[in-house]
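Hello,

Here is the structure I promised to pass on to you.

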Amino acid sequence: MNIPHRAGLENFPSYRQGKTPADADGLKAFKLSSNENPYPPLPSVVQAVTRAVSGINLYPEIAAEELTGALAARWAVEPENIALGTGSVEVASQIIHAATNPGDQVMFAWRSFEAYPLLVTAAGATPQPIPLAPDGGHDLAAMAAAVTPKTRVVFVCNPNNPTGNVLSAGAVESFIQAVPSSTLVVLDEAYLHFNRAEDTAVGIDLFRKYPNVAVLHTFSKAYGLAGLRLGYAVAAPGLVTALRKVAVPFGVTALAQEAGLASLRAEDELQERIDTLVSERGRVYDALLEAGLPVLPSEANFLWLQSGDRTGTLTELFERNALSIRAFPGEGIRITIGDAEANNRILAVARQATALLAPLP
Ligand code: PMP
């Protein structure tokens, strides 16, 4: 049978999920490849989800009024400024579908969140990747210079996945001023809660000032709800209306809505876990640096080793130690900060790496 399919789809890459590790040499395995939160859900969140389970014979409330209202209150905006999705990845996809016509361009730094080019291509738009600066940060000057009349959307990932680099408020504001006001600038702040940089750009502040700025947030990272799929945009009402039109109907389940609400009520408790992860990030960063590994400073819940052609050797070493990390052959390795036991294992790998690798030039 000749199954209908879209031309070119056979060449279309699939999203690669971070690997699940195998136990090795009797070592407990840890998955440090997907920037997930290592802690189990809070008891209050489990309770809220458990209560909602008894209603799963029904479709969820499509407008998700309570959660939308709680998020609006959380950020001191109007409910008309909040668009929900099944993870911020779906909201990013909604933005591309709502803002582009076939052949329009969508710009992003590269390397950055791997879904950007896939989402852009799937929507029939054209990816416009702009190489990162050598320090792993966005080259905002090059990005501004590359904007064309067809560039409808620019994703700015702060902190950047996978390099962890942060953009300053001044740099992002100058960028917004440099691009036409008809170009939508989307600040993807999936790792917002881990970002302690004093001069960082803050999406919500820029959104309040510039109508062509939208902000993407997720419940997957700091809130630890990756498995429930919940994210949202804060954006101008006109864009939010368009996003709701292109969203998958009933995508955000009642379980996700209740878990989101319970998480917003438990922000103090979650903050302790975030603080622990931030402090663990510092501990692991120091150890990797001391071991002579090419680690970059990071304001996210992961670290980036700019390991270049040593990536293969180092990846094998992590895997022999039952740690799955995210390797980009020839470029580098992204390591998610885990719980203390997982992080101690990273430190052990770092010590082995010092012995294995010749000193860096
Ligand atoms: N943006 C960035 C920068 C990410 O790293 C991720 C997850 N890896 C997402 C968005 C999407 O997260 P989610 O769909 O789980 O909200």
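Below is what turned up, beginning with the ligand and moving on to the backbone and the helices.

Please keep in mind that this is a predicted model.

**The ligand**

The ligand is surrounded by 13 residues. The closest of them are Ser88, Asp188, Tyr191, Thr218 and Ser220.

- Aspartate 188 has a side-chain N or O atom 2.7 Å from a nitrogen atom of the ligand.
- Threonine 218 has a side-chain N or O atom 2.5 Å from an oxygen atom of the ligand.
- Arginine 229 places a polar side-chain atom 2.7 Å from an oxygen atom of the ligand.

**The backbone**

You will find arginine 229 in the loop between strand E7 (213–218) and strand E8 (231–234).

Where are the cis peptide bonds I would point you to? One runs from tryptophan 110 to arginine 111, with omega near 20°. Arginine 111 sits in the loop that links strand E3 (105–110) and helix H4 (115–122). Another cis peptide bond joins asparagine 161 to proline 162, and here omega is about 15°. Proline 162 belongs to the loop between strand E5 (151–157) and helix H6 (169–178).

**The helix pairs**

Let me start with helix H2 (residues 65–75) and helix H9 (residues 254–265), which pack at an angle of about 30° with their axes 9 Å apart. Angles under 35 degrees count as roughly parallel, so H2 is roughly parallel to H9. Their crossing is left-handed. On the H2 side, the contact is made by Glu66, Leu67, Ala70, Leu71 and Arg74, and on the H9 side by Gln257, Gly260, Leu261 and Leu264. Sorted by class, this contact of H2 with H9 has 5 nonpolar, 2 polar and 2 charged residues.

Next come helix H3 (residues 88–99) and helix H8 (residues 237–246). How do their axes cross? The angle is roughly 105°, and the axes come within 9 Å. H3 and H8 are therefore roughly perpendicular to each other. H3 contributes Gln94, Ile95, His97 and Ala98 to the contact, while H8 contributes Ala242, Leu243 and Val246. The contact of H3 with H8 has 5 nonpolar and 2 polar residues, and no charged ones.

That leaves helix H10 (residues 267–290) and helix H12 (residues 340–356), whose axes come within 9 Å and cross at roughly 10°. H10 and H12 are therefore roughly parallel to each other. From H10, the contact takes in Glu280, Arg283, Val284, Ala287 and Leu288. From H12, the contact takes in Ala340, Asn343, Asn344, Ile346, Leu347 and Ala350. By class, the contact of H10 with H12 has 7 nonpolar, 2 polar and 2 charged residues.

Definitions and conventions. Residues numbered from 1 in each chain as written. Predicted model: local features only at pLDDT ≥ 70, side-chain atom pairs only at ≥ 80, totals over all residues. Heavy atoms only, no water. Axes fitted to C-alpha atoms, helices over the stretch in contact; angles between N-to-C directions. Helix = DSSP H or I, 4+ residues; strand = E, 2+ residues; numbered from the N terminus. Parallel < 35°, antiparallel > 145°, perpendicular 65-115°, else oblique. Left-handed = near helix turned anticlockwise from the far one by under 90°. Contact = heavy atoms within 4.5 Å. Nonpolar A, V, L, I, M, F, W, Y, C, P; charged D, E, K, R; others polar. Near = heavy atom within 4 Å. Polar contact = N/O pair within 3.5 Å; in protein donor to acceptor, adjacent residues only side chain to side chain.
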